[in-house]
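Hi,

Here is the structure I promised to pass on. Have a look at it first, and then read my notes below.

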Amino acid sequence: FFEKVEAAGSGTAQPCKKCRPGSCQREASGSEDCELCPLGRYQPHTGQSECLLCNTGFTTPTRGSTDASQCHCPENHLLLEDLTCGECDQTTTWCPGLLAESNITALPGFVVISEKSLAAASTPTPEVGPFSSVPRAFACMSKVECAGTRLPGQCTPGYIGIACGACEEGFSRSEG
């Protein structure tokens, strides 16, 4: 399919050109305009009549994407090991999606712990994805134990354990 461009003020048509990658001519019946691929679609080739669809649940950061590698999990979703997108709980976690799609961060007052970390030990360790499932967020004993945002399994220094409720070795709740 080709793009027809009118010369300014001449009323004559310039030669037809193939639609560029990232676009297509969707109206095969007489339309002369190429359209950018919408979000969630891409087109790597020139002269195409349709854009290709990203995998289910994936999107693209902008219109006009040219490659399947530009398909990512949307914001507030996490890329899982099975290459699907899992939805994050916005009240306890933040998942940026798109280019940082295997990242999940606990919001202040919460700690994120993956199923793997829960099963492996009583003292979770910081992890980065991809995860087999969306990690769960647990409320901390108080905001002191998990101040600020952190990686899964990460507590404020001096605190350890699920929900950051225990003192790390060399730390105590009493002075002395």
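T92 sits in the loop between β8 (85-87) and β9 (93-94); strands (E, at least two residues) and helices (H or I, at least four) are DSSP runs, numbered from the N terminus. Leaving aside residues up to four places away in sequence, T92 touches T105, A106, L107, F110 and A137, where contact means heavy atoms within 4.5 Å.

Before you go further, the ground rules. This is a predicted model, in which local features need pLDDT of at least 70 and side-chain atom pairs count only at pLDDT 80 or more, while totals for chains, interfaces and linings use all residues. Residues are numbered from 1 along each chain as its sequence is written, and side-chain values use heavy atoms, with hydrogens and water left out.

Now the cysteines. The structure holds five disulfides (a disulfide being a pair of cysteine sulfur atoms within 2.5 Å).

- C19 and C34 are joined with an S to S distance of 1.9 Å, and the link is left-handed, with -85° about the S-S bond. C19 lies in the loop between β2 (17-18) and β3 (23-24) and C34 in the loop between β3 and β4 (35-36), so this pair ties together parts that are 15 residues apart in sequence. C19 counts as buried at 0% relative accessibility, whereas C34, at 22%, counts as partly exposed.
- C54 and C71 have their sulfur atoms 2.0 Å apart in a disulfide. This one is left-handed because the torsion about its S-S bond is about -70°. Both C54 and C71 lie in the loop between β6 (52-53) and β7 (77-79), so the pair ties together parts that are 17 residues apart in sequence. C54 is buried at 6% relative accessibility, and C71 is buried with a relative accessible area of 12%.
- C88 and C95 form a disulfide with the sulfur atoms 1.8 Å apart. The torsion about the S-S bond is about -85°, so this disulfide is left-handed. C88 and C95 are both buried.

C24 counts as buried, at 1% relative accessibility. C167, with a relative accessible area of 24%, is partly exposed.

Some of these cysteines turn up again in the cores. The largest nonpolar core has eight residues: L78, L80, C88, C95, I104, A106, V112 and F131. A second, separate core has six residues, including C54, C71, C73 and L79. A nonpolar core here is a set of buried Ala, Val, Leu, Ile, Met, Phe, Trp, Tyr and Cys residues joined through side-chain atoms within 4.5 Å.

Last, the pocket. The largest pocket has a volume of about 160 Å³ and is lined by ten residues, with N55, F58, A68, C71 and L83 nearest its centre. On a 1 Å grid over the protein atoms alone, a pocket is an open set of points where a 1.4 Å probe fits, with protein on both sides within 12 Å along at least five of seven lines; lining residues have an atom within 4 Å of a point. The volume is the space filled by probe spheres set on the points, which are joined across faces, edges and corners. By class, the lining has eight nonpolar, one polar and one charged residues, with Ala, Val, Leu, Ile, Met, Phe, Trp, Tyr, Cys and Pro as nonpolar, Asp, Glu, Lys and Arg as charged, and the others, Gly among them, as polar.

Cheers

Technical notes: Buried < 20%, exposed > 50% of the residue type's maximum accessible area, 1.4 Å probe, protein only.
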